[in-house]
Amino acid sequence: MGGDNLTLVKLDRKQMGAYLCIASNDVPPAVSKRITLNVNFAPVIKVPNQLLGAPLGTDVHLECYVEAFPNTINYWIKNRGEMLLD
């Protein structure tokens, strides 16, 4: 890509990352600047198992994976109201 500007249209999180702008005119040294692009996007939650069962008196491990930018504050709520603090 050549020129002074790089236009990215319809950004999504796949374009997020570091970009390097390099200027060179056959007179050493070439110079470069790094630009970090962050794309804000709403949280996406992936849950491997939506239904779990466990015998009475045993432990169970609930998992959910969250992707978002900026980072999220994650917490669990039981029965649509009681926040689990521990």
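Where is lysine 10 found? Lysine 10 sits in the segment before E1, and it is one of the residues we'll come back to below.

## What we're looking at

This is a predicted model, in which local features need pLDDT of at least 70 and side-chain atom pairs count only at pLDDT 80 or more, while totals for chains, interfaces and linings use all residues. Residues are numbered from 1 along each chain as its sequence is written, and side-chain values use heavy atoms, with hydrogens and water left out.

## Overall layout

There are six strands and zero helices in the protein, so the sequence reads β-β-β-β-β-β under the DSSP scheme used here (helices are H or I runs of at least four residues, strands are E runs of at least two, numbered from the N terminus). The radius of gyration is 23 Å, well over the 12 Å that the globule rule gives for 86 residues, so the protein is more spread out than a compact globule. For the record, that radius is taken over C-alpha atoms, and the globule rule is 2.2 Å times the number of residues to the power 0.38. The C-alpha atoms fill a box of roughly 75 × 25 × 20 Å along the principal axes.

## Surface, burial and charge

How much of the protein do buried residues make up? They come to 3% of the 86 residues, where buried means under 20% relative accessible area, exposed means over 50%, and partly exposed is in between (1.4 Å probe, protein chains only). The accessible surface is about 8,400 Å², with 54% of it belonging to carbon and sulfur atoms; the areas come from the Shrake-Rupley method with a 1.4 Å probe, and for residues only the protein chains shown count as cover.

As for contacts (heavy atoms within 4.5 Å), residues 24 or more positions apart account for 28% of those with a separation of 6 or more. On the charge side, the protein has 8 positive and 8 negative side chains, and the centres of the two sets lie 6 Å apart. Lys and Arg are the positives, Asp and Glu the negatives, with His and the chain ends not counted; each charge is placed at NZ of Lys, CZ of Arg, CG of Asp or CD of Glu.

## Cysteines

A disulfide is a covalent bond between the sulfur atoms of two cysteines. Here the test is a pair of cysteine sulfur atoms within 2.5 Å, and the count comes to zero. Cysteine 21 is partly exposed at 43% relative accessible area, and cysteine 64 is partly exposed too, at 32%.

Most residues other than glycine have a negative phi, and most peptide bonds are trans. Lysine 10 has a positive phi of about 50° although it is not a glycine, and its relative accessible area of 81% makes it exposed. Aspartate 26, in the loop between E1 and E2, also has a positive phi, near 65°, and counts as exposed at 78% relative accessibility.

Which peptide bonds are cis? One runs from proline 28 to proline 29, with omega near -5°, and proline 29 lies in the loop between strand E1 (17-23) and strand E2 (31-37). Another joins phenylalanine 69 and proline 70, with omega about 0°; proline 70 is in the loop between strand E4 (65-69) and strand E5 (76-78).

## A few residues up close

Is valine 39 buried or exposed? At 9% relative accessibility, valine 39 counts as buried. Valine 39 is in the loop between E2 and E3, and touches Leu11, Asp12, Arg13, Met16 and Phe69, leaving out residues up to four places away in sequence. Its C-alpha atom is 31 Å from that of arginine 80, 41 residues apart along the chain. Leucine 8, in the segment before E1, is partly exposed at 33% and touches Tyr19 and Leu37, with residues up to four places away again not counted.

Isoleucine 45 belongs to strand E3 (residues 41-46) and is exposed, with a relative accessible area of 54%. Beyond its neighbours within four places in sequence, isoleucine 45 is in contact with Cys64, Tyr65 and Val66. The C-alpha atoms of isoleucine 45 and valine 66 are separated by 4.6 Å, though the two are 21 residues apart along the chain. Aspartate 59, in the loop between E3 and E4, is exposed at 78%, and its C-alpha atom lies 16 Å from that of lysine 78, 19 residues apart along the chain.
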